[in-house]
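Open the model in your viewer and keep the selection tool ready. The stops below run in order.

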Amino acid sequence: MDSLTLDSKTWLLVLTGAGVSAESGVPTFRGMGGLWEDQPVEAVASPEGFRKDPSLVWRFYSERRKGAAAVHPNPGHEAFVAWERHLGDRFLLATQNVDGLHTRAGSQRVVEMHGNLFKTRCSGCERPPFDDATVYPVGAVPACDACGKRLRPHIVWFGEYLDPADLERIETFALQGATSGRLVFLAAGTSGAVFPAAGIVDRVRRAGGETWLVNLDPAENSSRFEHRVVGRSGEVLPGLAKLV
Ligand SMILES: NC(=O)c1ccc[n+]([C@@H]2O[C@H](COP(=O)([O-])OP(=O)(O)OC[C@H]3O[C@@H](n4cnc5c(N)ncnc54)[C@H](O)[C@@H]3O)[C@@H](O)[C@H]2O)c1
Ligand SMILES: [Zn+2]
């Protein structure tokens, strides 16, 4: 197996997907078969679904909160913490996961591109998203203290845009890495099907960066990566990097 050298010139951008949390017991999107209680996931993860049945959406996210609160980070999450300790500001972790396991493991420079299960925001006013681990009772739809409108999970749903500030942070990091050092991009546990995350590999290659993929099954964009390691992230990542 190739090894990934992390030296004093390296700027490492990591992208993670649901696969990295699979060994903690969080089902991947594919693991769920794209369905929840026989309904397409879109019914509980889109603005249309929320308009149609907000209590169903809150039941789904309340269950996911319960599930995510009961699991623990695995050795894959822990490997990123060790790499960040070694690289400091030359490390950035972009994740599509909403389970909060990277920060619970101790990662600090994290961009949660798709939001966070343990945050809630208002669907009506500009009040900033707030921490919320509440598991709401079946049938409940919480309302905003400030304006009375419905609260919603702080999650990027199908058909919604990512926060431009998050994308800019990733872009700025990649540019800085490419111009002042050796830029490396590593994606792990992601099917490479959801954009814009799936396009980061090409962005990094255009900037002259090195690219790595650690995934259990072939990702849709596998061929775009120079180095590919097939396996479980919790088994592969802890032994992959050489910290020098
Ligand atoms: N944990 C979470 O927060 C979570 C879970 C499910 C879905 N989602 C959301 O659903 C979307 C799904 O996209 P995605 O690409 O992240 O996930 P995905 O479910 O589409 O793909 C997961 C990928 O991980 C791989 N994989 C499975 N187990 C693995 C392991 N142990 N080690 C390494 N790779 C493994 C699979 O081969 C697959 O290619 C995302 O937008 C995400 O926000 C998040
Ligand atoms: Zn409000």
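**First stop: the metal site**

Select the zinc ion (ligand 2): its site is tetrahedral, with angles of 96 to 117° among the four donor atoms. Four donors count as tetrahedral if all angles lie between 85 and 135 degrees. Ideal angles for four tetrahedral donors are 109.5 degrees.

Now show the side chains of C122, C125, C144 and C147. Their SG atoms coordinate the zinc ion (ligand 2) at 2.2 to 2.4 Å. Donors here are N, O and S atoms within 2.8 Å of the metal (3.2 Å for Na, K and Ca); water is not among the atoms, so sites may look incomplete. Along the sequence, the donor residues follow the spacing C-x2-C-x18-C-x2-C.

This is a predicted model: local features need pLDDT of at least 70, side-chain atom pairs count only at pLDDT 80 or more, and totals for chains, interfaces and linings use all residues. Residues are numbered from 1 along each chain as its sequence is written, chains are lettered from A and ligands numbered from 1 in the order written, and side-chain values use heavy atoms, without hydrogens or water.

**Second stop: two domains**

Color 4-26 + 73-114 + 162-243 as domain 1, and 35-70 + 121-155 as domain 2. These bounds come from an automatic or database domain assignment. The C-alpha centres of the two domains lie 28 Å apart. Four residues from domain 1 and five residues from domain 2 make the contact (heavy atoms within 4.5 Å).

**Third stop: the interface**

About 330 Å² is buried between domain 1 and domain 2, and carbon and sulfur atoms give 56% of that area. Buried area is the accessible area (1.4 Å probe) that two parts lose on being put together, summed over both. Select V98, R104 and H114: they supply 74% of the area that domain 1 buries against domain 2.

Methods. Tetrahedral: all angles 85-135°; square planar, octahedral: opposite > 155°, others 65-115°.
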